[in-house]
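Have the viewer open while you read.

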Amino acid sequence: SGNLRSAERALARVGADVIVTSDLHAAREADGLVVPGVGAYAACMAGIDAIGAGEVVRDRVAAGRPVLGICVGMQVLFDCGDEHGVITKGLGVLPGEVRRLAAPILPHMGWNTVAPADGSTLFAGLDPETRFYFVHSYAATGTDGAVSTAEHGETFAAAVEAGPVAATQFHPEKSGDAGAAVLRNWLGTL
């Protein structure tokens, strides 16, 4: 929940009526559900499992209802995560594995450009040289859907758009006007 309040403020800034809740009924019924996260994959999944929120996310996706994952909130949407040789099962709404980046310097921390997928809704109207704020050592590998990429030692999924699922490895809530544009574009899909 480390970026919970900054995500809340950023979404409110672009016009969302934001409710931060652990009430599963409220999460199930919301127009859009944001899954934020920082830290370790296993710890994030433990928190999701502790309150039974995984079922809500999977049910929303199966019903075509919008979900936005941010940072580790994006990572847990995948099948599994491998951190320090420990494989943790994820929510499985996106195919693929999250693993340590093959980069000479980790974490990948700072501003980086993103190569948007063709027809991306999240990056609509943004210049290709727009920079976003990243802080992570792990990233998704195999993915389906529209995948926007970035480079840090290797190419990785910087964002995914797959049906009702949108997700960013970068922090839109910490990416200034560019991040606000991404959040506004996501809100436009609700």
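Predicted model: local features only at pLDDT ≥ 70, side-chain atom pairs only at ≥ 80, totals over all residues.

Let's start with a parallel pair: strand S2 (residues 67–70) and strand S11 (residues 165–168) run parallel and are joined by 4 bridges.

Zooming out, S2 and S11 belong to an open sheet of 5 strands, ordered S1-S2-S11-S10-S9, with mixed pairing. Strand S1 (33–35) and strand S9 (146–151) are at the edges with a single partner strand each, so one side of each has no neighbour in the sheet. Going from one strand to the next, the twist averages 20°.

There's also an open sheet of 4 strands, again with mixed pairing, in the order S4-S3-S5-S8. Its edge strands are strand S4 (86–89) and strand S8 (138–140), each pairing on one side only. Neighbouring strands here are turned by 20° against each other on average, ignoring direction. Within this sheet, strand S5 (residues 94–100) pairs with S8 in the antiparallel sense over 3 bridges, and Arg100 stands opposite Tyr138 in S8.

Now for the helices that lie across these strands:

| Helix | Lies across | Angle |
|---|---|---|
| H3 (residues 41–51) | S3 (78–83), S4 and S5 | about 135° to S3 |
| H6 | S1, S2 and S11 | about 160° to S2 |

H6 has a helix partner too. How do helix H1 (residues 4–13) and helix H6 (residues 176–187) pack, and at what angle? Their axes are 9 Å apart and the angle is about 70°, which makes H1 roughly perpendicular to H6. From H1, the residues in contact are Ala10, Leu11 and Arg13, and they meet Gly176, Asp177, Ala180, Leu183, Trp186 and Leu187 in H6. Sorted by class, that contact has 6 nonpolar, 1 polar and 2 charged residues.

Last stop, the cysteines. How many disulfides does a search of the whole structure find? The count is 0.

Key. Residues numbered from 1 in each chain as written. Heavy atoms only, no water. Disulfide = S-S within 2.5 Å. Axes fitted to C-alpha atoms, helices over the stretch in contact; angles between N-to-C directions. Helix = DSSP H or I, 4+ residues; strand = E, 2+ residues; numbered from the N terminus. Parallel < 35°, antiparallel > 145°, perpendicular 65-115°, else oblique. Contact = heavy atoms within 4.5 Å. Nonpolar A, V, L, I, M, F, W, Y, C, P; charged D, E, K, R; others polar. Pairing = 2+ DSSP bridges.
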